[in-house]
Amino acid sequence: MVKKRFEELLNTAKLRLLKMHYTSNSGHLGGNFSCIDALMTLHHRIMTSEDRFILSKGHSAGAWYVTLWSLGKLQDLDLDSFSKEDTLLPGHPSGKGIPDLHFSTGSLGHGPSLAAGMALAAKQKKLDRQIYCLCSDGEWQEGSCWEALIFSIHHRLNNLTILIDQNGLQGFGTTQDIISCHNLTSRITSFGAEVQYIDGHDISQIENALRNISLESPRVIILNTVKGKGLHFSGTLESHYLPLSEEQYQSAHLKITAEQEK
Amino acid sequence: MRNSFAKAVITQCNQEEYFFLTGDLGFMALEEVQNSFQNRFINAGVAEQNMVGVAAGLAQEGFKVFVYSIAPFCYARPFEQIRNDICLNNLPVCLVGNGGGYAYGHMGPTHHALEDCAAMNALGVRVLVPAFNEDISVMLNELSAPTYLRLGYDVRPKETDIFEYAAWREILQGKRGAIAALGPLAGLAWQALLDIPVNDRPSVWAVTEFDETKIPTVFWKQIAEKPLFVIEEHVAAGGLGMHLALAMAHHKIQTSDFIHRYALRYPTGRFGSQEFHRVQCGLDAKGILTMITGATYGS
């Protein structure tokens, strides 16, 4: 019953995300729909009020804003202003008006280090606090991610969890074609982190992976996802950039609603 | 100055709220800091972007954090982390750049920091350029916002005492205009002008902060209709000379001369010690004397 209710809430969030991007005529839908399952599961089923979250893939701000909305931390009026003039919710999260925002993100490769610093601070203060950081897969072409990984493993930051939304597409092609960035699991494992590779759209798998406590090292959870999951342009590069037409919006709305009614 | 810095850090900042991060530098200088800070001292390795990001994470959780490296590795390599992670959140992180200007001389241009103050000023970081060893302990009293501390060498005349700290300090009196010297060059100018009669020399001002509001009225009076000399081991773009020219425009100050000596980068394409590069830029003692003589008496 609880699971059923969460799935209903998840679909409601997806519809709200769809509407928000449609009314603001914003792109980046693909990366939002590839990670919203993980974001919702993490925030609703795992995180406590003590924990911290950093959205390193700042271009998925929409999915995170909607997640905060689903938690009652943002209002409809806030979402209505998304990516418009005089908004608190820009296309990449920034500023002081967003609840639970710790850092302005959008330039890739920053989150893992910031999260490592927060994890170190929690350890120094002897707090029972978990730090979560969501990255994109293309983001791991940034050297700073690997710097942070080395640091986190060396300092045994087992209160740190890095999630990687591996949807396989980046700005101008696939991660595999552009810079052979597809085998993240083996690469990160070789650095000494505990890596789990799961279906990033399977709620049970996400929840189980997040509950799988690490004893020695930071955890990395690689989410095998589909960019623009559930949308007409899922799995294509168009989903990285293009906003929705009226027809595409209605079609996607019907599709998600049908999913909800199953 | 780094030994004075290390002593001041241990004396004033060895508290639970402070962390000290270094990018694998500090041999024969930071050992005592490491011993004192224990697990709050972290050698983050040769990974400056991560070091600054980690510092931001710590600071966001309430710690005050030092980030130490050779100057260019401190401000240039992790520039975006400073901009996005520290400055956008106005976090209390003190970036400590050892070896400002040409101080790493023979190490070559990759180790010089000639545009650091401009870069940090542009981000809204508070830039501090101590002129004398004693300045550092005063500067460490106030670390509540993004700060860049540029360390060099205190070269003031031997056995001289300095006046109480101020961002603009007159350290040598003179009657013919004024020299505004950025950081350690003030000590060099002091030494160079000691034997010139007071009526024939400009006063020497040690400038350690760029904040225009801290320029005292007496300085403006000294340079009105008289020569102003600006010396800095920093490129002209965004340096003390530009800041001062803007401040003069704001205050409607007219001088008889505005003579600016600054880092010319590498005009001959050859490299050497800090002294070698200072000579090339006219920033050595002889060059300063020539500059003063030419402007004071005409030629």
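Reader: Is Gln81(B) buried or exposed, and what is its relative accessible area?

Author: Buried means under 20% relative accessible area, exposed means over 50%, and partly exposed is in between, using a 1.4 Å probe and protein chains only. Gln81(B) is buried, at 3%. This is a predicted model, in which local features need pLDDT of at least 70, side-chain atom pairs count only at pLDDT 80 or more, and totals for chains, interfaces and linings use all residues. Residues are numbered from 1 along each chain as its sequence is written, chains are lettered from A and ligands numbered from 1 in the order in which they are written, and side-chain values use heavy atoms, with hydrogens and water left out.

Reader: Thanks! What does Gln81(B) touch?

Author: Contact means heavy atoms within 4.5 Å. Leaving aside residues up to four places away in sequence, Gln81(B) touches His110(A) and Ser144(A), along with Gln49(B), Val52(B), Gly53(B) and Ile86(B). With the side chain of Gln49(B), its side chain makes a polar contact at 3.4 Å. A polar contact is a pair of N or O atoms within 3.5 Å; within protein, one must be able to donate a hydrogen and the other to accept it, and residues adjacent in sequence count only if both atoms are side-chain atoms.

Reader: Now the sheet: what is the strand order in the open sheet of chain B?

Author: Strands are DSSP runs of E, at least two residues, and helices are runs of H or I, at least four, numbered from the N terminus. Two strands pair if DSSP finds at least two bridges between them. Here 5 strands follow the order 7-9-8-10-11, with mixed pairing. Strand 7 (168–172) and strand 11 (257–261) of chain B are at the edges with a single partner strand each, so one side of each has no neighbour in the sheet. Strand 7 runs antiparallel to strand 9 (residues 203–207) of chain B, joined by 4 bridges. Arg169(B), for its part, stands opposite Ala206(B).

Reader: And how is the aromatic pair of Tyr18(B) and Phe66(B) arranged?

Author: A pair of aromatic rings is described by the distance of the centres and the angle of the planes. Rings of Phe, Tyr and Trp (its six-membered ring) pair if their centres lie within 6.5 Å; planes under 30 degrees apart count as stacked, over 60 as edge-to-face and the rest as tilted. The count over all chains is 22 aromatic pairs. Tyr18(B) and Phe66(B) are stacked, 6.0 Å centre to centre with 15° between the planes. Tyr18(B) lies in strand 1 and Phe66(B) in strand 3 of chain B, so the pair ties together parts 48 residues apart in sequence. Both residues are buried.
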